[in-house]
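Hi there,

Here is the structure I promised to pass on to you. Please have a look at it first, and then read my notes below.

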Amino acid sequence: MSMSDPIADMLTRIRNAQQAQKSSVAMPSSKLKVAIAKVLKSEGYIDDFAVSQSEGKAELALSLKYYAGRPVIERIERVSRPGLRVYKGSDDLPRVMNGLGVAIVSTPKGVMTDRAARAARAGGEVLCVVAQGRIAMSRVAKNPVVVPAGVE
């Protein structure tokens, strides 16, 4: 049976694996899923990813990241979905937690973060948002920092 929303399935697998404290999660692979995994790795949300062939089908494996016993990704949500696509111009892209989280956007120039899309002046489909709960990654060293109480 075919899946109606493979990206939502990917995000749910990540969410479930981190809730169960798994070190890695595997799923069927696609070009878009690999592009999302590249963004997650470059932003420091996952350790690594690999694509392998299993019985003639490509499989994507993600190595999940934890800090102080808690998952680095505490919030990962689908924004645009098959029933309601969400497209934004470069000026209207969402800021997740005032810039401490990222929105992953599919643009004509490729899949990238909201910051990179703003810099490239490219709008597109807002695929998902990713953020930590009370711990955020610093932009410079990608080290965890504590988020102040008033920031959402």
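Of the 152 residues of the chain, 38% count as buried, where buried means under 20% relative accessible area, exposed means over 50%, and partly exposed is in between (1.4 Å probe, protein chains only). Please keep in mind that this is a predicted model, in which local features need pLDDT of at least 70 and side-chain atom pairs count only at pLDDT 80 or more, while totals for chains, interfaces and linings use all residues. Residues are numbered from 1 along each chain as its sequence is written, and side-chain values use heavy atoms, with hydrogens and water left out.

The chain holds three helices and twelve strands; these are DSSP runs numbered from the N terminus, with helices (H or I) of at least four residues and strands (E) of at least two. As for contacts, meaning heavy atoms within 4.5 Å, residues 24 or more positions apart account for 61% of those in the chain with a separation of 6 or more.

Let me start with the helices. H2 covers residues 31-42, twelve residues in total, and spans 17 Å from its first C-alpha to its last, close to the expected 16 Å. That expected span is 1.5 Å times one less than the number of residues in the helix. Buried residues in H2 are Lys33, Val34, Ala35, Ile36, Ala37, Val39 and Leu40. Just after this helix comes Gly44, with a positive phi of about 85°.

How do H1 and H2 pack? H1 (residues 6-19) meets H2 at an angle of about 40°, and their axes are 10 Å apart. Here the axes are lines fitted to C-alpha atoms, for helices over the stretch in contact, and angles run from 0 to 180 degrees between N-to-C directions. The two helices are therefore oblique to each other; angles under 35 degrees count as roughly parallel, over 145 as roughly antiparallel, 65 to 115 as roughly perpendicular, and the rest as oblique. H1 contributes Pro6, Ile7, Met10 and Ile14 to the contact, and H2 contributes Leu32, Lys33, Ile36, Ala37 and Leu40. These residues divide into eight nonpolar, no polar and one charged. In that count, Ala, Val, Leu, Ile, Met, Phe, Trp, Tyr, Cys and Pro are nonpolar, Asp, Glu, Lys and Arg are charged, and the others, Gly among them, are polar.

Val111 is in strand S9 (residues 110-113) and is partly exposed, with a relative accessible area of 22%. Not counting residues up to four places away in sequence, Val111 touches Leu32, Ala35, Ile36, Val39, Ile104, Val105, Ser106 and Leu127.

Next, is Glu125 buried or exposed? This residue of strand S10 (residues 124-131) counts as buried, at 12% relative accessibility. Leaving out residues up to four places away in sequence, Glu125 touches Ser80, Arg85, Val86, Tyr87, Ile104, Val105 and Ser106. Val111 and Glu125 are 14 residues apart along the chain, and their C-alpha atoms are separated by 9.4 Å.

One of the residues that Glu125 touches is Arg85, which lies in the loop between strand S6 (75-78) and strand S7 (87-88). Arg85 counts as partly exposed, at 41% relative accessibility. Apart from its neighbours within four places in sequence, Arg85 is in contact with Arg78, Ser80 and Glu125. Arg85 and Leu127 are 42 residues apart along the chain, with 8.8 Å between their C-alpha atoms.

Glu55 has a positive phi of about 55° although it is not a glycine. Glu55 sits in the loop between strand S2 (46-54) and strand S3 (57-64) and counts as exposed, at 81% relative accessibility. Arg121, also a residue other than glycine, has a positive phi near 55°. Its place is in the loop between H3 and S10, and at 56% relative accessibility Arg121 counts as exposed.

Finally, Ala119 is found in helix H3 (residues 114-119) and counts as exposed, at 67% relative accessibility. Ala119 and Ser90 are 29 residues apart in sequence, and 8.5 Å apart in space from C-alpha to C-alpha.

Best wishes
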